[in-house]
Structure formats: C-alpha cells, structure tokens
Amino acid sequence: MAIADALSRNEDGIATALGILAQRFGERFSTSAAVREHHGHTTTWITNQPPDGVVFVHSTEEVAEVVRVCAEHHVPIIPFGTGSSLEGHLNAPAGGVSIDLSSMNRILAVHPEDLDCVVEPGVTRKQLNEHLRDTGLFFPIDPGADASLGGMASTRASGTNAVRYGTMKDNVLNLTAVMPDGAIVRTAQRAKKTSAGYDLTRLLVGAEGTLGVITELTLRLQGIPEAISAGVCSFPDVESACNTVIATIQSGIPMARIELLDTLQMRACNAYSKLDYPEAPTLFLEFHGTTAGVKEQAELFGDIAEEFGGGNFSWTTRQEDRARLWQARHDAYWAAISLRPGTKAFATDACVPLSRLADCVRGTMDDIAELGLIAPIVGHVGDGNFHVSALIDMDDPAELDKAQQLSARISARAIGMDGTCTGEHGIGQGKRAYLEQELGPALDVMRAVKRAIDPQNIMNPGKIIRL
C-alpha cells in the first residue's frame with residue numbers, strides 16, 4: 001500500500017542531477033531498476049517507492065558533493081545504510097537520489113582510556129563489536145538486525161540492552177553531518193558532557209535523515225562485564241510476566257536485558273530455532289556484573305518470579321547457551337513469519353510507562369483476537385516497549401485493513417496511557433498520523449525546525465511530518 005502525500009516530482013531537476021552524478025561517479029552511480037528497488041522500502045508492508053538513482057559514496061566530501069548537486073537542482077536525497085528500517089524511511093515518494101553509505105565502513109579511532117570510538121556511518125554494530133573484542137570493550141545497542149550505526153543513529157534505535165545501557169541518543173557523543181546546502185558540520189567535541197549551545201547531536205539523532213546526512217559518529221563504549229548470565233522463565237499469562245518485570249525493575253535489580261515473548265511467539269521460536277521451552281508467555285533475561293553479582297541477581301529475580309507464578313526458571317553463564325538463546329530472540333521476526341508461510345509481517349511497536357505495560361499488552365491481545373489476526377508479541381519490556389507482527393497476505397485488502405486497524409488501536413491506546421506510538425521503529429511514512437495524535441502542536445515546532453534547516457524540503461521528504 002502506498003502512503004499518500006502531496007509531494008510532487010521535479011522531473012527536469014532530477015534528470016539534470018542524474019546526468020551530473022552519472023558523469024562524476026561513473027560505476028558508483030546506478031539507475032538500474034533492481035538497484036533502485038533495493039534502495040526503496042523493502043521491509044514489511046509499505047509499497048516500494050524507489051529513488052531515480054543511487055550513488056555509492058566513499059567519504060564525507062563525496063556526500064557533500066552529491067548534496068550540493070541535488071540542492072542546486074531541488075532534488076530529494078534519501079540516505080541509505082543497510083535497509084533494515086521498518087516504517088518506509090527509505091522510500092522516495094517524490095523520486096530523487098539515494099546516497100548509499102555502506103562503503104563508508106571504516107572504524108577511524110578507538111580510545112579505550114576514554115571509553116569511546118569514532119566510526120563512519122556504514123559500520124555495522126557486529127563489525128564494531130568484532131573489532132573491539134580484544135580491547136575489553138563493547139558497544140551495547142543491539143536492535144537485533146545487523147544495522148549500520150549511521151542508520152541506528154538516524155532512527156534512534158535501541159533494542160534488547162536498552163533497559164541498562166539506554167538508546168542511541170544516550171550513546172552518541174557527537175556527529176559529523178552534511179546539511180541540506182552541502183555544508184559539513186560537527187555537532188560537538190568528544191567530551192562526555194557539554195553545555196555549549198544547542199544539542200545538535202540529539203537533534204540529528206532520530207531525525208531519520210530529514211535534516212542532514214550523518215557521515216561520522218563518536219560513540220560511547222562499555223566495558224565487557226566480568227560475568228554474564230542468561231535466564232528463561234515461563235508464566236501462566238502475560239499479566240504475570242509483565243508484573244514480574246515491573247517488580248524486578250522497581251526492586252533495583254540491574255537487568256541488562258528482559259524480553260517478553262507471548263505464547264504464539266514461543267511456539268514460533270521453538271520450531272524455528274529448535275528450542276524446547278514451554279509454549280507459554282516467557283521472559284528471556286540477562287544479568288551483567290561480577291560472578292557473585294550475577295548469581296545474586298538471578299536468584300533475586302527467581303524469588304520475584306515465583307511470587308507471580310513464574311515456573312521453570314533456569315539460568316546459565318555458558319557462553320554458547322547464552323548465544324543460542326539470544327540468537328533465537330533476534331530471529332523472532334523470521335520465526336513469526338514461518339507461522340504462516342507466504343505472508344509478510346506488518347510490524348508495529350509502542351512504548352508505555354512501565355506501570356501500564358500489562359494493561360497495554362492485554363488490550364493489544366484482545367484487539368488481535370477481535371480482528372482475527374495471527375500476530376505474535378515480543379517486547380523489550382524492561383522499558384515498556386513491545387512489538388507486534390501481524391502476519392498478512394499483502395494481496396488481501398481486507399487483511400491489510402485489519403492490520404492497519406490493529407496498528408491504529410495500539411498507537412491510540414499507548415498514547416492514551418501517556419506512552420508513544422513508537423518506542424524504536426521510528427515514524428517514517430507509516431506512523432505520521434499517530435505522531436500528530438501524540439504531540440499535537442509540538443509538530444508545528446518540528447515543522448519550523450525542518451523549514452529553517454531544509455527550506456527546499458529535499459532531505460528525505462515525506463517522512464516524520466507533513467509540511
């Protein structure tokens with residue numbers, strides 16, 4: 001399904017810009033249908049709207065050169081990392097040029113004594129952590145997909161470790177970005193804190209490429225814990241699992257990860273990842289600290305879970321067991337799709353204050369049953385965030401309508417609970433209407449910022465807000 005918008009194509013400007021970029025970049029510029037479609041939106045339900053051309057850049061200066069050409073001829077620009085975003089961020093509703101940053105994948109510096117590193121935007125999280133392995137440090141943000149760090153910053157990603165280590169907004173110290181006029185700016189220095197002027201770093205983190213193109217990042221790093229243990233605990237119902245999460249967080253147990261999988265998702269994961277856990281609402285957990293500390297944390301959690309009817313709680317410090325457990329969690333999306341072959345996942349998420357989590361999840365489950373959908377639920381429930389993947393025949397308008405109804409209900413319920421329509425997927429094209437419900441007049445301030453920085457509206461137009 002296409003997302004309607006008032007954007008119009010600048011045919012003459014696009015044709016001129018494509019000719020200039022083809023001559024300048026040669027084989028690193030493509031207008032082939034396959035390449036262009038790959039750089040449009042290919043994940044989940046939104047119809048692919050490919051750009052008119054794709055440039056594979058190697059440096060900040062090349063990005064600036066592309067942006068200046070596009071700015072001169074009023075041509076839209078869409079940054080591209082790995083293509084794993086979920087809300088139509090990569091689509092080109094008014095055509096334009098996709099800037100592929102995947103070849104900008106150098107790790108420029110690691111400062112172990114300062115617990116930070118400097119990377120180009122095409123570096124992926126797995127690539128960075130592999131590079132850091134021998135330093136005793138790691139980068140904790142883990143959205144599941146092996147996303148690019150530039151893309152993770154652009155969508156303000158988080159993931160399974162966010163309950164302890166925060167999200168991308170908490171772990172980016174500064175950025176280098178190319179602005180809509182081709183100017184290159186650095187948003188801050190490498191100091192861990194600053195009171196110097198507007199926080200341009202956080203303005204660009206989560207801007208989804210609508211204000212500039214990120215070309216370099218300085219990231220916070222963490223020390224690899226002395227000991228790590230992972231656990232699994234099943235519950236009689238989702239409410240019991242959610243109430244256990246609330247009690248655990250309120251008790252001050254420093255959880256590193258605490259993930260909820262409902263009964264249907266556990267059935268899918270057991271089949272897909274060859275597990276043998278009970279098919280019941282389940283928490284996957286991880287504890288970081290000293291050897292004695294993680295043992296104490298696991299035992300304290302076990303006591304709390306028992307109070308809420310949790311059973312079959314087991315935990316392990318064996319690396320291979322932990323890796324198998326978290327790989328199954330990261331494969332939950334593919335496991336869900338396997339429940340109904342031939343369908344695609346209409347993925348959505350929401351986030352609420354922790355005290356409202358059980359109510360929001362239960363209401364969502366009631367909606368799924370009422371609409372007659374197959375829609376597993378998983379969640380980073382330590383911070384009130386959960387995800388729903390409705391399995392839809394995209395060629396069936398009635399099914400697609402039901403999935404859209406479900407997404408609307410989830411968003412409205414979360415907003416009504418003083419939560420948000422998206423904890424980490426972002427707005428893109430898919431959730432703009434819900435953002436209007438959530439923030440109201442604040443969107444006028446966002447529009448003012450967008451118009452001031454990008455008066456031509458060439459930076460990823462049609463995303464986040466309607467101008």
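Reader: Is the crossing in which H14 passes H15 left-handed or right-handed?

Author: A quick note first: this is a predicted model, in which local features need pLDDT of at least 70 and side-chain atom pairs count only at pLDDT 80 or more, while totals for chains, interfaces and linings use all residues. Residues are numbered from 1 along each chain as its sequence is written, and side-chain values use heavy atoms, with hydrogens and water left out. A crossing counts as left-handed if the near helix is turned anticlockwise from the far one by less than a right angle, and as right-handed if clockwise. Helices (H or I, at least four residues) and strands (E, at least two) are DSSP runs numbered from the N terminus, and the crossing in which H14 passes H15 is right-handed.

Reader: How are H14 and H15 oriented to each other?

Author: Their axes, lines fitted to C-alpha atoms over the stretch in contact for helices, with angles from 0 to 180 degrees between N-to-C directions, come within 10 Å and cross at roughly 160°. Angles under 35 degrees count as roughly parallel, over 145 as roughly antiparallel, 65 to 115 as roughly perpendicular and the rest as oblique. H14 and H15 are therefore roughly antiparallel.

Reader: How many nonpolar, polar and charged residues make up the contact of H14 with H15?

Author: Contact here means heavy atoms within 4.5 Å. Among the residues that meet are Cys-360, Gly-363, Thr-364 and Ile-368 in H14 and Lys-402, Gln-405, Leu-406 and Ile-410 in H15. With Ala, Val, Leu, Ile, Met, Phe, Trp, Tyr, Cys and Pro counted as nonpolar, Asp, Glu, Lys and Arg as charged, and the others, Gly among them, as polar, the residues divide into six nonpolar, three polar and six charged.

Reader: And the salt bridge between Asp-367 and Arg-413: is Asp-367 buried or exposed?

Author: These side chains meet in a salt bridge (a side-chain nitrogen of Lys or Arg within 4 Å of a carboxyl oxygen of Asp or Glu) at 2.8 Å, N to O. Asp-367 lies in H14 (residues 357-371) and Arg-413 in H15 (residues 397-416), so the pair ties together parts that are 46 residues apart in sequence. By relative accessible area (buried under 20%, exposed over 50%, partly exposed in between, with a 1.4 Å probe and protein chains only), Arg-413 at 22% is partly exposed. Asp-367, at 6%, counts as buried.

Reader: What is the relative accessible area of Asp-116, the partner of Arg-190?

Author: Asp-116 and Arg-190 form a salt bridge whose closest N and O atoms are 3.0 Å apart. Since Asp-116 sits in strand S6 (residues 116-119) and Arg-190 in the loop between strand S9 (184-186) and helix H8 (200-204), the pair ties together parts 74 residues apart in sequence. Arg-190 is partly exposed at 29%, whereas Asp-116 is buried, with a relative accessible area of 0%.

Reader: How many residues apart are Arg-9 and Asp-52?

Author: Arg-9 forms a salt bridge with Asp-52, with the closest N and O atoms 3.0 Å apart. Arg-9 lies in the segment before helix H1 (11-25) and Asp-52 in the loop between helix H2 (33-38) and strand S2 (53-56), so the pair links distant parts of the chain, with a separation of 43 residues.

Reader: How many salt bridges does the structure hold?

Author: Some are joined up: Arg-24, Arg-28, Glu-62 and Glu-65 are linked in a network of salt bridges. The count of salt bridges in the structure is 31.

Reader: How are H16 and H17 oriented to each other?

Author: The axes of H16 (residues 432-439) and H17 (residues 442-453) come within 8 Å and cross at roughly 120°. H16 and H17 are therefore oblique.

Reader: What is the phi of Glu-208?

Author: Most residues other than glycine have a negative phi. Glu-208 lies in the loop between H8 and strand S10 (213-220) and is buried, with a relative accessible area of 6%. Although Glu-208 is not a glycine, its phi is positive, at about 60°.
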